[in-house]
There are 2 protein chains.
Amino acid sequence: MMKVLVANDDGIHANGIRTLVEYLSRQFEVYVAAPDRERSATGHALTLHKPIRVDELDMGIPVKKAYSVTGTPSDCVKIALNAILDIKPDIVVSGINHGPNLGVDVLYSGTVSAALEGAIHGLPSVAISLTNGYERMADFSHGAEFLCCYLPKVLEIGMPAKTILNINIPAIPLSEMTGIKLTQLGTRMYTDTYERRVDPRGLVYYWLAGEIAETGEPEGTDVHAIRNNMISVTPVHIDMTNYQVLKDQVDSLEIMGCVRELL
Amino acid sequence: MMKVLVANDDGIHANGIRTLVEYLSRQFEVYVAAPDRERSATGHALTLHKPIRVDELDMGIPVKKAYSVTGTPSDCVKIALNAILDIKPDIVVSGINHGPNLGVDVLYSGTVSAALEGAIHGLPSVAISLTNGYERMADFSHGAEFLCCYLPKVLEIGMPAKTILNINIPAIPLSEMTGIKLTQLGTRMYTDTYERRVDPRGLVYYWLAGEIAETGEPEGTDVHAIRNNMISVTPVHIDMTNYQVLKDQVDSLEIMGCVRELL
């Protein structure tokens, strides 16, 4: 039976991970290691300077094991694989995230980072997000059902090395979905405004109030697929090298003068 | 005069950023926005759920402005560009980091993330790290001197879009450096062991004690360059799409059956 390690960034008590685990555990052997509380937008942060606690808990769902971890999403996957689990999972799944992870979101996303951590450990890994999932009680069931069908097929095909699949499920009823689209990351820029406020003591503070800039997204991007009612699947690389620059600009960027001048 | 925004992840009081700013301010107009305390390994985390405080301070160095920010490295660059500075910098520089940022380190690195944030805002951006910089009082002067020479030349050539330069300076005297090498990210894996300990109340906790696995790194990687006494410059992309998979595996990964089966 396929062994699945599940993590997330909304915390082990979130509706998204609970629905996912409920569906996966009907078919697969499921292990959960997720943050004890909400840890979204933590990027690929690691806990280096303080201890991590791990508590086994009963999710009320027939999983093999479930652990609440006082760390980031990346910590959860790292500690599960290296210190907690006595089995090696066949795949790591992170989600279902409350809200989309499209375009530059992947750089900030704890959900995506947990999957990247799986890939760093050489395991097939998938991140899954529901674009309307901001509502706490959003319905995650079609995302979970989709994944139950998709995971075994993906493992059969074989996952590309050092690469995760970043899946976004559109916020529409299943009957309105038009298919699955393999996409590239879009730009999905934010306006990045900060609200400047004054606290009750008269001191200034700022609060990030970024809104999504509705740019025209070309066909082939994740944002475009979602806007067209398709499930978006993006292969995301852990190797961030820009190989094009490496091919084109070696001579210009290896400015030897700068070392010689200093000698 | 070139305007430089400087950030880091070791905090505004770290030796690495102080040395860098001291050198840069002799030649350029320098603005600093850095975390009020050490924030390394924070990845690309953002502060969404609480306010951010920004305090102007006197670094004792003739910079234009210096701000201490109660946020992550990415927060610092984002808030400086969107709410604090009344100028637009020509370039964003993050560092000098205390310790290397090689291979998969870039996924975890706050230093690299601050530079990525600059690139997200469309600015040329550079991260710089000193491989022996773990020692608090390490000598950062040759890294700073190198950058003073390198930055204007890089701006003259023109930086590739959506790409930062991730620079690592080897831990050797300047006279032993053999040049500058444009590199790809190496693998630089960690062993990722966790130490399991018992606290004074008898409760178990874990502490990440990962050590670098000394794998053979092929020529052309950042790790190889550093081991051969060269300054390593890696073009790092903010677009993490794996385009090879997109070209090769569209049909196999767009498994339409999974949507049809659910309908």
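Which residues does A:V6 touch, not counting residues up to four places away in sequence? Select A:V6 and the list is A:I17, A:L20, A:V21, A:L24, A:V30, A:V32 and A:V93, where touching means that C-beta atoms, placed from the backbone, lie within 7 Å.

Before going on, some conventions. This is a predicted model, in which local features need pLDDT of at least 70 and side-chain atom pairs count only at pLDDT 80 or more, while totals for chains, interfaces and linings use all residues. Residues are numbered from 1 along each chain as its sequence is written, and chains are lettered from A and ligands numbered from 1 in the order in which they are written.

A residue is buried if 20 or more other C-beta atoms lie within 10 Å of its own, exposed if 12 or fewer, and partly exposed in between.

**Chain A as a whole**

Buried residues make up 53% of its 263 residues. The C-alpha trace spans about 65 × 55 × 45 Å along its principal axes. Among contacts with a separation of 6 or more, 77% join residues 24 or more positions apart.

**Strand β7 of chain A**

Select residues 163-169 of chain A. Seven of the seven residues in this strand are buried. A:T163, A:L165, A:I167 and A:I169 point one way, and A:I164, A:N166 and A:N168 the other way. Strand β6 (residues 125-130) of chain A pairs with β7(A) in the parallel sense over five bridges; strands count as paired if DSSP finds at least two bridges between them. Along that pairing, A:L130 stands opposite A:I169. Strand β11 (residues 230-237) of chain A runs antiparallel to β7(A), joined by six bridges, and there A:L165 stands opposite A:P235.

**Helix α2 of chain A**

Move to residues 73-84 of chain A. Nine of the twelve residues of this helix are buried, so α2(A) is largely enclosed by the rest of the structure. The buried ones are A:P73, A:S74, A:D75, A:C76, A:V77, A:K78, A:I79, A:A80 and A:L81.

**The sheet of chain B**

Switch to chain B and colour its strands. An open sheet of nine strands runs in the order β3-β4-β2-β1-β5-β6-β7-β11-β8, with mixed pairing. At the edges stand β3 (54-56) and β8 (179-182) of chain B, each with a single partner strand, so one side of each is left without a neighbour in the sheet.

Angles run from 0 to 180 degrees between N-to-C directions, with axes fitted to C-alpha atoms, for helices over the stretch in contact. Helix α5(B) also packs on the sheet, touching β5, β6, β7 and β11 (230-237) of chain B, and makes about 155 degrees with β5(B).

**Between the chains**

Finally, show both chains. Here 75 residues of chain B are in contact with 75 residues of chain A. On the chain B side, the largest share, seven residues, comes from helix α5 (residues 141-157) of chain B.

Terms used
Contact = placed C-beta atoms within 7 Å. Helix = DSSP H or I, 4+ residues; strand = E, 2+ residues; numbered from the N terminus.
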